[in-house]
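The entries below follow the order in which I went through it.

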Amino acid sequence: MHDADTTSETVDDPDRRLERGALIAVVFAVVLIAALFVGWVFSTIDTDGGFARWDQSVAGWGPSHAWSFGASLMKVATYLGSSFVLVPVMTIVAIVDWRRRRRAIAACFLATVGIGIVLINNTLKRLIMRDRPPVEPLVEAAGSSFPSGHSASAAACWLAIALVVGWWVPRRLQPWLFAAAVAIACLVAASRALLGVHWVTDVVAGLVVGWAWFGVVAILFFGHRLRPGDRPR
């Protein structure tokens, strides 16, 4: 039997879904345009100064100083931002949440975060077409360099996973879930730069884009209920 809050949410679900969809589309466009501008700046700056100097130094340092165990750890870490890991984990979380609460809002939220960040990444890569670092990478990579898709996906999706899983655990554990999600995203970003497949500015932009996309989608789905300890009914 549903409580009063659940009933009130289901009455206006069609209108809320329409409004939410329109807002998500607008936010998608804003994030995409902002990231496109940043990518254009990074791809046209002087390679002898500023951010480009950091790009050059890190891109060359990683592959040239790689040692077998460290490189192996980076190769494992980088998979935490891949679809081969994120899609199964997000699917399992969505199924478990549905079985616990018999509502599909978590699945819709996770799907919006995951699909949206992939679309943003792929669109930016096709529009900016930034060359990858001119080094011998330690792993294979396809497509253009900006932004780092692994970094963006890890940033957005692990926070989304932490938010949903946080509904199942005591409040005192929730900050640790979010801290772990941020740490995983930063680890993935570092691995992409140190493995020689991305510039530093690629992975930083990926993290920013991913966290921004998660934030706006979470607000649009849950709004004020994002306060610590609150759980959508």
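Entry 1, helices α5 and α6. I began with helix α5 (residues 83–101) and helix α6 (residues 105–128), which pack at an angle of about 160° with their axes 8 Å apart. I note the basis of the model here: it is predicted, local features need pLDDT of at least 70, side-chain atom pairs count only at pLDDT 80 or more, and totals for chains, interfaces and linings use all residues. Residues are numbered from 1 along each chain as its sequence is written, and side-chain values use heavy atoms, with hydrogens and water left out.

The axes are lines fitted to C-alpha atoms, for helices over the stretch in contact, and angles run from 0 to 180 degrees between N-to-C directions. Helices (H or I, at least four residues) and strands (E, at least two) are DSSP runs, numbered from the N terminus. The two helices are therefore roughly antiparallel to each other; the classes are under 35 degrees for roughly parallel, over 145 for roughly antiparallel, 65 to 115 for roughly perpendicular, and oblique for the rest.

On the α5 side the contact is made by Met90, Val93, Ala94, Asp97 and Arg101, and on the α6 side by Ile105, Ala106, Ala107, Leu110 and Gly114. Contact means heavy atoms within 4.5 Å. I sorted these residues into seven nonpolar, one polar and two charged, where Ala, Val, Leu, Ile, Met, Phe, Trp, Tyr, Cys and Pro count as nonpolar, Asp, Glu, Lys and Arg as charged, and the others, Gly among them, as polar.

I then followed α6 to α7, where the packing angle is about 170° and the axes are 10 Å apart. This pair, too, is therefore roughly antiparallel. From α6, the residues Ala106, Phe109, Leu110, Val113, Gly114, Ile117, Asn121 and Lys125 meet Gly149, Ala152, Ser153, Ala156, Cys157, Ala160, Ile161, Leu163 and Val164 of α7. By class, the contact of α6 with α7 has twelve nonpolar residues, four polar and one charged.

I checked the loop between α6 and α7, which is the place of Pro147. The peptide bond from Phe146 to Pro147 is cis, with omega near -10°. For reference, most peptide bonds are trans. I also looked at Arg126, which lies in helix α6 and counts as exposed at 69% relative accessibility (exposed is over 50% relative accessible area, buried under 20%, partly exposed in between; 1.4 Å probe, protein chains only). From Arg126 to Ser145 I have 9.8 Å, C-alpha to C-alpha, for a separation of 19 residues in sequence.

Helix α7 (residues 149–165) and helix α8 (residues 174–194) have axes that come within 8 Å and cross at roughly 165°. That makes α7 roughly antiparallel to α8. The crossing of α7 past α8 is right-handed. The α7 residues in the contact include Trp158 and Leu159, and those of α8 include Phe178 and Arg192. I have the contact of α7 with α8 as 15 nonpolar residues, two polar and one charged.

Entry 5, aromatic rings. How many aromatic pairs does the structure hold? I found five. Rings of Phe, Tyr and Trp (its six-membered ring) pair if their centres lie within 6.5 Å; planes under 30 degrees apart count as stacked, over 60 as edge-to-face and the rest as tilted. Phe109 and Phe214 form an edge-to-face pair, 6.3 Å centre to centre with 65° between the planes. Phe109 is in helix α6 and Phe214 in helix α9 (residues 200–222), so this pair ties together parts that are 105 residues apart in sequence. Phe109 is buried at 0% relative accessibility, and Phe214 is buried at 11%.

Phe221 is buried at 4% and Phe222 is buried at 3%. Ring pairs link Phe109, Trp167, Phe214, Phe221 and Phe222 into a cluster.

I have nine helices and zero strands for the chain. Buried residues make up 43% of its 233 residues. Of the contacts between residues at least 6 apart in sequence, 80% join residues at least 24 apart.

Definitions and conventions
A crossing is left-handed if the near helix is turned anticlockwise from the far one by less than a right angle, and right-handed if clockwise.
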